[in-house]
Amino acid sequence: MSKPIKTRRLVLREIQYDDAPEFARLAGDWDVARMTARIPYPYSEALAREWMDTLGPDEFVRTVLHQDTLIGAVGYVANDDGSAEIGYWIGKPWWGAGFATEAASALVRYCFTTGGFKRLTCCHFEDNDASKRVIQKLGFRQSEACSAWCDARQGEFPTLSYELNRPLSAVFWRRTA
């Protein structure tokens, strides 16, 4: 097992099979699932376990814990060009407390330092203003408008894509831990 990533309030650790019930409960909330590309609705424990079983070697996913309670997940998919696309979700009971920004910031820092990526991308559905604010706080710059599939909504929806290049010095990312 790899070493957890720690922030002031959170621990990002490897996913465990025992996380499936809480993943299904939190990510299966319509308001969470409809803002992600890959979470179906309804979302069951069986589907959560199936997803865990199919994670590829280019996917890095961590459970977000607050006071030993699972509250969400963050991760990235490595691309062939040496960049990575990040993603995150936080369960609805913990919205508005800054956990998405804190967890995603830790992931970005990890990507640029330990992961060695030189560029990160991410996107959000146009109707997801909360995710837009998180992405902007992290310093991402909008790159294009496009569309993406949403499993929960079963369709293509307008999205905004962003990118962030690794700073010349990774000191910034260590300082904001």
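User: Which residues of α1 are buried?
Analyst: Ala20, Phe23, Ala24, Leu26 and Ala27 are the buried residues of α1. Buried means under 20% relative accessible area, exposed means over 50%, and partly exposed is in between, with a 1.4 Å probe and protein chains only. Before going on: this is a predicted model, where local features need pLDDT of at least 70 and side-chain atom pairs count only at pLDDT 80 or more, while totals for chains, interfaces and linings use all residues. Residues are numbered from 1 along each chain as its sequence is written, and side-chain values use heavy atoms, with hydrogens and water left out.

User: What do the buried residues of α1 pack against?
Analyst: They pack against α2 (30–33), α3, β3 (59–66), β4 (69–78) and β5 (84–90). Contact means heavy atoms within 4.5 Å. Helices (H or I, at least four residues) and strands (E, at least two) are DSSP runs, numbered from the N terminus.

User: At what angle do the axes of α1 and α3 cross?
Analyst: Roughly 110 degrees, and the axes of α1 (residues 20–27) and α3 (residues 45–53) come within 8 Å. The axes are lines fitted to C-alpha atoms, for helices over the stretch in contact, and angles run from 0 to 180 degrees between N-to-C directions. The two helices are therefore roughly perpendicular to each other, a label for angles of 65 to 115 degrees; under 35 is roughly parallel, over 145 roughly antiparallel and the rest oblique.

User: Which residues of α1 and α3 meet?
Analyst: From α1, Ala20, Pro21, Phe23 and Ala24; from α3, Glu45, Ala48, Arg49, Trp51 and Met52. By class, this contact has 7 nonpolar, no polar and 2 charged residues. Nonpolar covers Ala, Val, Leu, Ile, Met, Phe, Trp, Tyr, Cys and Pro; charged covers Asp, Glu, Lys and Arg; the others, Gly among them, are polar.

User: Switching to the backbone. Which residues does a cis peptide bond join?
Analyst: Tyr41 and Pro42, with omega at about -5 degrees. Pro42 lies in the loop between α2 and α3. Most peptide bonds are trans, and most residues other than glycine have a negative phi.

User: What is phi of Asp68, then?
Analyst: Near 65 degrees, a positive value in a residue other than glycine. Asp68 sits in the loop between β3 and β4 and counts as exposed at 74% relative accessibility. Gln154 also is not a glycine and has a positive phi, about 55 degrees. Gln154 is in the loop between β7 (141–150) and β8 (155–165) and is exposed, with a relative accessible area of 55%.

User: How many residues are in the largest nonpolar core?
Analyst: There are 53, and those with the most contacts inside the core are Val64, Tyr76, Ile86, Trp89, Val108, Leu120 and Phe140. Helix α4 (residues 99–113) gives the largest share of this core, 9 residues. A nonpolar core is a set of buried Ala, Val, Leu, Ile, Met, Phe, Trp, Tyr and Cys residues joined through side-chain atoms within 4.5 Å.

User: What is Leu120 in contact with?
Analyst: Leaving aside neighbours within four places in sequence, Leu120 is in contact with Ala84, Ile86, Val108, Cys111, Phe112, Phe140, Tyr162, Glu163 and Leu164.
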